[in-house]
Amino acid sequence: MKERPLVPIQELNRQREYMRLVREMDVRPQKYHIVTLGCQMNERDSETIAGMLAEMGMESAPVREEADLVLYNTCCVRENAENRALGNVIWLKELKRDKPDMVICVGGCMTQEKGMAERMKQLYPFINVIFGTHNMHRFPEYLYRALREQHPVVEVLDTDGEIAEGLPEKRNRDFSAFVNIMYGCNNFCSYCIVPYVRGRERSREPQAVIDECLRLVDSGVQEIMLLGQNVNSYRGGGKEFAELLYRLDKLGVPRIRFMTSHPKDISDELIAAYGELSHLMPQLHLPVQAGSDEILARMNRRYTREHYLELVRRLRSVRPDIGLTSDIIVGFPGETLEQFEQTMSLVETVRFDAAYTFIFSPRAGTKAASMPDDTPYEEKSRRIQRLIDLQQRISLETLEAQVGRKETVLVESVSARDADSVGGKTPRGHMVNLPGGKELIGTFVNVEITSAGRNTLRGRKI
Ligand code: SAH
Ligand code: SF4
Ligand code: F3S
């Protein structure tokens, strides 16, 4: 069981002192804007960074142009994520030409790539602060130094971070909250860069998680999403994660969800929890990645197609209405057409509610990046298109099967397309649009599903 030491309280106090020093500076940025790329881990980290910036006396600006501090929380899981971050930073160079006092900060997973921080410093000398995922809690100190000394501060640590409890936070939503239970990943799937940039697995103490959730429930949060790259190996795996869920189920938070689960580590206790816990929502994101055993082995996923299908059968036997979603990689090095067909047939068999599909993207330093890959990109594009078409048909059929059902929806937002409509999720995670205004946000509404679209349902209040 791996529990990492906490960042010492003295260090957190030092950072508090830096926040005060920045706040009291005569000349400092007044408005910040954070651009978050990547996954929910990064979204949660951005909430912490926003909390620190607020402590430093800054306000949030809705768009970059209105800010005098812009921070990029980057992702590098696929090449296009990285290109997006770099493209954005280059765009800021222009903005900085007009607004020379603009402060630019870059953090997140990309800065943790080998040699990346130094390269960024050389190529983009206009960036004021570059920091990594392991030393995010020291951002106030770096910002203070950059503002005071008027030259770039670059600090990225190779060693895994300790866990910092009790950092400031400014949460994006007040009815639904992300709660980290663990950081890092030990799995080294052969295509994946995350273990290199997020370090080894380390878990928060159960009591720290419970205390945070209790505070959230008291402040009116209706839904908690537990986060980890592989929540099933929380505190070393086994029953630990299910036990945490049993404890959280008693707190009274109406909805509990979590992500992400690795199929090799799903415990019997977790499957049982789906049959027993009333607040655990009938939804599970269970990335399968591929349908062929040879590809799964070369991906180092350590389960077989049959094991995955067996998990699906068992989950559905305890919770027949469970909605399953997945991640799938197409065009892994050496993937034959036949092996791809096995992914297609797995998708047909499981019938996911939704699947996020990606063309394999070689990441420097990972095993798969040096595997021979002779499938032309056009062929990979054809394959992914077939997969997308198949999944869209299944998603539509699944949504159509919901018509006529009565569901409880937790309203999340006003619809982008229609100001007299709001959108929210069913327990299973389907998005439902219904007539209503912003006063419904954060409340539960009983609806009858009246029709199905390609990705969403339509309902009416009952
Ligand atoms: N920890 C999570 C996923 C993190 S990354 C898990 O294990 O499921 C999110 C998804 O990005 C992965 O599930 C995978 O499908 C995809 N992905 C990761 N690395 C990739 C790469 N090099 N090329 C294409 N897709 C990748
Ligand atoms: Fe990457 Fe695999 Fe870890 Fe997920 S489990 S973060 S895909 S190495
Ligand atoms: Fe990207 Fe880092 Fe998440 S690489 S997917 S932001 S853990």
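A residue is called buried when its relative accessible area is under 20%, exposed when it is over 50%, and partly exposed in between. The views below all come from a predicted model.

**View 1. Gly453, a glycine in the loop between strands E18 and E19.**
With a relative accessible area of 27%, Gly453 falls between those two limits and therefore counts as partly exposed. The loop that holds Gly453 runs between strand E18, residues 444–452, and strand E19, residues 457–461. When residues up to four places away in sequence are left out, Gly453 touches Leu396 and Leu399. Glu397 is 56 residues from Gly453 in sequence, yet the two C-alpha atoms are 9.8 Å apart in space.

**View 2. Strand E15 with its partners E16 and E18.**
Strand E15, residues 406–414, pairs with E18 in the antiparallel sense over five bridges, and within this pairing Val409 has Val445 of E18 as its bridge partner. Strand E16, residues 421–425, is also antiparallel to E15 and is joined to it by four bridges; here the bridge partner of Leu410 is Lys425 in E16. E15 and E16 make up a hairpin, with six residues lying between the two strands.

**View 3**
Three bridges connect E12 with the parallel strand E13, residues 323–330, and Leu284 stands opposite Leu324 of E13.

Strand E10, residues 223–227, is parallel to E11 and pairs with it over five bridges, among them one in which Glu223 has Arg255 of E11 as its partner.

**View 3. The peptide bond between Met259 and Thr260.**
The bond that joins Met259 and Thr260 is a cis peptide bond, with omega at about 5°. Thr260 belongs to the loop between E11 and helix H9, which spans residues 268–276.

**View 4. Helix H4 and what covers its buried residues.**
In helix H4, residues 116–123, the buried residues are Met116, Ala117 and Met120. Because these residues cover an arc of only 100° around the axis, they lie on the same side of H4. Their cover includes helix H3 (79–98) as well as strands E4 (103–108), E5 (129–131) and E6 (153–155).

**View 5. Gln150, a residue with positive phi.**
Although Gln150 is not a glycine, its phi is positive, at about 55°. The residue is found in the loop between helix H5, residues 139–149, and E6, and its relative accessibility of 65% means that Gln150 counts as exposed.

**View 6. Ligand 2 and Phe188.**
The residues that surround ligand 2 are Cys185, Asn187, Phe188, Cys189, Tyr191, Cys192, Val194, Pro195, Gln229, His262 and Arg301. By class, this shell has seven nonpolar, three polar and one charged residues. Phe188 has a positive phi of about 45°, although it is not a glycine, and it lies in the loop between strand E8 (182–183) and helix H6 (194–198). With a relative accessibility of 31%, Phe188 counts as partly exposed.

**View 7. The surroundings of ligand 3.**
Around ligand 3 stand Gly38, Cys39, Asn42, Cys75, Cys76, Val77, Cys109, Arg198 and Gln229. Sorted by class, the shell around ligand 3 has five nonpolar, three polar and one charged residues. Gln229 is listed around ligand 3 and also around ligand 2.

Key
Residues numbered from 1 in each chain as written. Chains lettered and ligands numbered in written order. Predicted model: local features only at pLDDT ≥ 70, side-chain atom pairs only at ≥ 80, totals over all residues. Heavy atoms only, no water. Pairing = 2+ DSSP bridges. Buried < 20%, exposed > 50% of the residue type's maximum accessible area, 1.4 Å probe, protein only. Arc of directions from axis to C-beta. Contact = heavy atoms within 4.5 Å. Near = heavy atom within 4 Å. Nonpolar A, V, L, I, M, F, W, Y, C, P; charged D, E, K, R; others polar.
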